[in-house]
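The following exercises are to be worked through with the sequence and the structure at hand. Each task is followed by a solution in steps.

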Amino acid sequence: MTTHTAVDVIRAKRDGARLTDSQIDWVVDAYTRGAVADEQMSALAMAIFLNGMDAAETARWTHAMVDSGEKLSLDVGRPTVDKHSTGGVGDKITLPLAPLVAACGAAVPQLSGRGLGHTGGTLDKLESIPGWRAQLSVDEVVSQLQAVGAVVCAATSGLAPADKKLYALRDVTATVEAIPLIASSIMSKKIAEGAEALVLDVKVGSGAFMKSLDQARALATALVSIGVDHGLKISALLTDMSVPLGRAVGNSVEVTESVEVLRGGGPADVVELTVALAREMLSRAGISADPAAVLASGEAYETWARMIRAQGGDPDAPLAVGKHKHVVTAPSDGYLTTLDAYAVGVAAWRLGAGRARKEDPVQAGAGILCLAKPGDRVTEGQPLLELYTETPDAIPAALESLDGGYEIGETPPTRTPLVIDTIRG
Ligand code: URA
């Protein structure tokens with residue numbers, strides 16, 4: 001391998017040059033080993049933030065991050081397909097989706113994370129089920145995929161360790177929001193996980209990482225391009241995140257809503273997105289099945305119950321509900337015109353559903369139920385939102401975040417489509 005120096009690589013990117021494959025392989029490997037210092041990688045991340053990387057550099061960067069750790073080999077006797085969401089408010093879709101797609105015949109390895117900030121984490125939600133265990137060994141993942149078809153668990157620390165180190169550094173150097181770095185970070189973990197197909201749910205709107213459609217489209221295009229370069233069957237759906245998904249935002253409340261969907265009910269938007277993502281996943285996995293019919297048949301619920309039991313959880317156990325409740329009512333008659341996803345996400349987080357630092361605990365029963373959604377007709381005094389928490393001192397801060405986050409007007413708002421576009425690789 002040609003040897004380089006960190007200063008040469010930083011200088012090249014600072015001056016707007018393309019990095020060569022050899023420079024990228026060297027710098028990612030040397031950083032993971034500790035031979036390139038944090039301050040040098042910080043400077044390089046900022047140079048990438050300012051001067052970008054093209055599609056080929058980003059693909060190589062991703063490749064180098066995958067190579068920094070282990071790669072799972074998921075030979076489980078059925079096509080493997082995964083989904084990744086860039087994160088949103090009330091985004092519990094993994095919970096009904098993984099068992100639904102498994103019930104249709106695919107294997108769904110869903111290695112997930114915990115929540116940080118205003119978007120919730122899938123593992124935090126599932127941990128509100130008594131007994132459920134997030135930490136599985138690779139052998140347990142493989143045998144659960146063979147037996148049940150779906151597994152949602154914590155990613156092992158051996159997957160893409162370069163990303164783990166780099167992400168922590170980006171977080172404290174104002175270099176998170178660079179599309180080549182975000183795309184390579186997400187895709188390195190997904191490629192290392194070993195699924196053959198991947199469907200991305202790239203969220204756009206106030207409650208999402210990407211606030212504008214242009215930014216979301218650029219991220220989706222970069223993600224799909226990396227996937228294609230690595231031989232994945234891949235699609236990205238651009239979906240609206242200006243309003244919370246469904247009615248429940250929090251941990252146990254989102255599990256309850258997901259079970260309603262798996263039992264054939266639940267809010268229309270959650271059902272619509274679950275079925276749209278399932279169709280795309282099945283098409284990428286080469287399976288012809290009708291997910292709407294499988295959802296209605298109850299088979300997806302059966303798979304959910306087996307998936308939860310396989311990880312030590314009791315699918316029939318009652319879930320925690322925050323002991324303190326506060327109701328927000330409509331200030332006037334009219335139509336609910338706005339319910340801002342970011343405001344609701346921050347309020348739920350302040351109530352205890354999310355964490356400010358990685359090591360903070362979350363409250364299983366904290367969260368918000370949105371009793372009205374934009375377009376609903378409401379009357380003065382009607383309950384709009386129910387807030388739940390174990391820590392009543394948190395309620396004023398949650399109400400402050402909701403201030404201005406909902407509006408009532410005389411005419412119903414125009415509806416934005418939930419699925420805005422699909423980009424296929
Ligand atoms: N999620 C990731 O995994 N990585 C990023 O860089 C941003 C969001």
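**Exercise 1.** How are helix 11 and helix 14 oriented to each other?

*Solution.* The model is a predicted one, in which local features need pLDDT of at least 70, side-chain atom pairs count only at pLDDT 80 or more, and totals for chains, interfaces and linings use all residues. Residues are numbered from 1 along each chain as its sequence is written, and side-chain values use heavy atoms, with hydrogens and water left out.

Step 1. Locate the elements: helix 11 covers residues 252-262 and helix 14 covers residues 299-310. Helices here are DSSP runs of H or I with at least four residues, strands are runs of E with at least two, and both are numbered from the N terminus.

Step 2. Take the geometry: the two axes are 8 Å apart, and the packing angle is about 140°. Axes are lines fitted to C-alpha atoms, for helices over the stretch in contact, and angles run from 0 to 180 degrees between N-to-C directions.

Step 3. Classify the angle: under 35 degrees counts as roughly parallel, over 145 as roughly antiparallel, 65 to 115 as roughly perpendicular and the rest as oblique. Helix 11 and helix 14 are therefore oblique to each other.

Step 4. Identify the contact, which means heavy atoms within 4.5 Å. Helix 11 contributes Val 255, Val 259 and Leu 262, which meet Ala 300, Tyr 301 and Trp 304 of helix 14. By class, this contact of helix 11 with helix 14 has six nonpolar, no polar and no charged residues. Ala, Val, Leu, Ile, Met, Phe, Trp, Tyr, Cys and Pro count as nonpolar, Asp, Glu, Lys and Arg as charged, and the others, Gly among them, as polar.

**Exercise 2.** Determine how helix 3 and helix 8 cross, and describe the residues of their contact.

*Solution.* Step 1. The axes of helix 3 (residues 38-51) and helix 8 come within 10 Å and cross at roughly 75°. The two helices are therefore roughly perpendicular to each other.

Step 1. On the side of helix 3 the contact is made by Asp 38, Met 41 and Ser 42, and on the side of helix 8 by Lys 165, Leu 166 and Leu 169. These residues divide into three nonpolar, one polar and two charged.

**Exercise 3.** Carry out the analysis for helix 9 and helix 10, including the handedness of the crossing.

*Solution.* Step 1. Helix 9 (residues 179-193) and helix 10 (residues 213-229) have axes that come within 9 Å and cross at roughly 45°. That makes helix 9 oblique to helix 10.

Step 1. The crossing of helix 9 past helix 10 is right-handed; this is the term if the near helix is turned clockwise from the far one by less than a right angle, and left-handed if anticlockwise.

Step 2. Among the residues making the contact are Ile 182, Ile 186 and Met 187 of helix 9, together with Leu 219, Leu 223 and Ile 226 of helix 10. By class, the contact has eleven nonpolar, three polar and no charged residues.

**Exercise 4.** Is Ala 160 buried or exposed? Treat Ala 174 likewise, and examine phi in both.

*Solution.* Step 1. Most residues other than glycine have a negative phi. Ala 160, however, has a positive phi of about 45°, and Ala 174 has a positive phi near 55°.

Step 1. Ala 160 is found in the loop between strand 3 (150-154) and helix 8 (161-171), whereas Ala 174 is found in the loop between helix 8 and helix 9.

Step 2. Buried means under 20% relative accessible area, exposed over 50%, and partly exposed in between (1.4 Å probe, protein chains only). At 1%, Ala 160 counts as buried; Ala 174, with 53%, is exposed.
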